[in-house]
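Subject: Structure handover and notes

Hello,

Here is the structure you asked about. My notes on it follow below the display.

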Amino acid sequence: MKNCIYILLLCGITTLSARAQQQPAPNFELYILAGQSNMAGRGYVTGDFKTEGNDKVYMLTKDNTWIVAKHPVHFDKAIAGVGPGLAFGIAMEKENPKVKIGLIPTAVGGSPIEHWLPGAYDPATKTHPYDDAVVRIKEAMKYGVIKGIIWHQGEANSTPEKVKLYLAQLKELIERFRALANNPNLPFVAGELGRYRPEFATFNSEIVKLPAMVPYTAVATSEGLVHRGDTLHFDSPSADEFGKRYAKKMIELQKTIKK
């Protein structure tokens, strides 16, 4: 039944098997959401965030079915809440109303970038962040086309020793994602860590170097964003605003590639 609901919503085709036999829909534009807890979202789902959404923006659920996107988009932990993904998807649909947007949530709270290697295990969540993401991305690609990646990760790699290695690790990760999507120019937008912790400043001074190191990448600023009271996770309005900033950078990158 849930497969049929997806097909009726997305394509007007009556069975999942019939849809799977066709080529991915070019007007179903997919975006990978990856990283750790601030991408997964830890903002509280209250007020207007309970109903935020767009009937042309979908998300891939934990059991790999498509539904209209709502908070929380992620499911990595029971505390998943408002993150940047939904606002990002809504902004991307507004930029091109002729398409539908599919969000592929893959972020894992607490995961360092070392756990985003093939075969790497994250003991805290008992998951394989990269391998699990690959499975979900391949499933999503049956239905649409990967158009970009948004990434927020680094709190677990913010010590001076780890920051020195970070850009090289991130470059390698981007290359793997691009190979998976069969697009060497796939746009990739990273985000700064919250500016509310002094120790995150060193990481932020490094991540802004990414566009000079890797083509078709950008960095979304966290300037002015605030935490939810724990000096770690963005509050709901900040996460929502961050999603819009990610979208702005993604749109800029996409226009550059089209030239």
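Which residue in β7 is the bridge partner of valine 189? It is alanine 218. Please bear in mind while reading that this is a predicted model.

The sheet

That bridge belongs to the pairing of β6 with β7, which is parallel and has 4 bridges. Both strands are part of an open sheet of 7 strands with mixed pairing, in the order β3-β2-β4-β1-β5-β6-β7. At the edges stand β3 (66-68) and β7 (217-220); each has a single partner strand, so one side of each is left without a neighbour in the sheet. On average, and ignoring direction, neighbouring strands in this sheet are turned by 25 degrees against each other.

On its other pairing, β6 runs parallel to β5, and 3 bridges join the two. Strand β6 (residues 188-191) is covered on both faces. Phe188 and Ala190 are buried on one side, and Val189 and Gly191 are buried on the other.

Elsewhere in the sheet, β2 (residues 57-60) pairs with β4 (residues 100-105), also in the parallel sense, over 3 bridges. Valine 57 has isoleucine 101 as its bridge partner in β4.

Two helices lie across several of these strands. Helix α4 (residues 85-95) lies across β1 (28-35), β2, β4 and β5 (145-152), and runs at about 160 degrees to β4. Helix α5 (residues 129-140) lies across β1, β2, β3, β4 and β5, and the angle between α5 and β4 is likewise about 160 degrees.

Salt bridges

The count of salt bridges comes to 13. Three of them are described here.

Aspartate 76 and arginine 42 form a salt bridge in which the closest N and O atoms are 2.7 Å apart. The two residues are 34 residues apart and link distant parts of the chain: aspartate 76 sits in the loop between β3 and α4, and arginine 42 in the loop between α3 (37-40) and β2. Both aspartate 76 and arginine 42 are buried.

Glutamate 192 and arginine 195 meet through their side chains in a salt bridge of 2.8 Å, N to O. Glutamate 192 has a relative accessible area of 7%, so this residue counts as buried. Arginine 195 is partly exposed, with a relative accessible area of 46%.

Is histidine 74 buried or exposed? Histidine 74 is buried, because its relative accessible area is 4% and the cut-off for buried is under 20%. This histidine is found in the loop between β3 and α4. The side chain of histidine 74 reaches two backbone nitrogens: that of threonine 106 at 3.2 Å and that of alanine 107 at 3.0 Å. Leaving aside residues up to four places away in sequence, histidine 74 touches Leu33, Met39, Ala40, Ala80, Pro105, Thr106 and Ala107.

Glutamine 153 lies in the loop between β5 and α6 (160-181). At 1% relative accessibility, glutamine 153 counts as buried. Which side chains does the side chain of glutamine 153 join in polar contacts? One is that of glutamine 36, at 3.0 Å, and another is that of tyrosine 166, at 2.6 Å. With residues up to four places away in sequence again left out, those touching glutamine 153 include Gly35, Ser111, Pro112, Ile113, Leu193 and Phe203, along with Gln36 and Tyr166.

Regards

How values were computed: Residues are numbered from 1 along each chain as its sequence is written. This is a predicted model: local features need pLDDT of at least 70, side-chain atom pairs count only at pLDDT 80 or more; totals for chains, interfaces and linings use all residues. Side-chain values use heavy atoms; hydrogens and water are left out. Two strands pair if DSSP finds at least two bridges between them. Axes are lines fitted to C-alpha atoms, for helices over the stretch in contact, and angles run from 0 to 180 degrees between N-to-C directions. Contact means heavy atoms within 4.5 Å. A salt bridge is a side-chain nitrogen of Lys or Arg within 4 Å of a carboxyl oxygen of Asp or Glu. Buried means under 20% relative accessible area, exposed over 50%, partly exposed in between (1.4 Å probe, protein chains only). A polar contact is a pair of N or O atoms within 3.5 Å; within protein, one must be able to donate a hydrogen and the other to accept it, and residues adjacent in sequence count only if both atoms are side-chain atoms.
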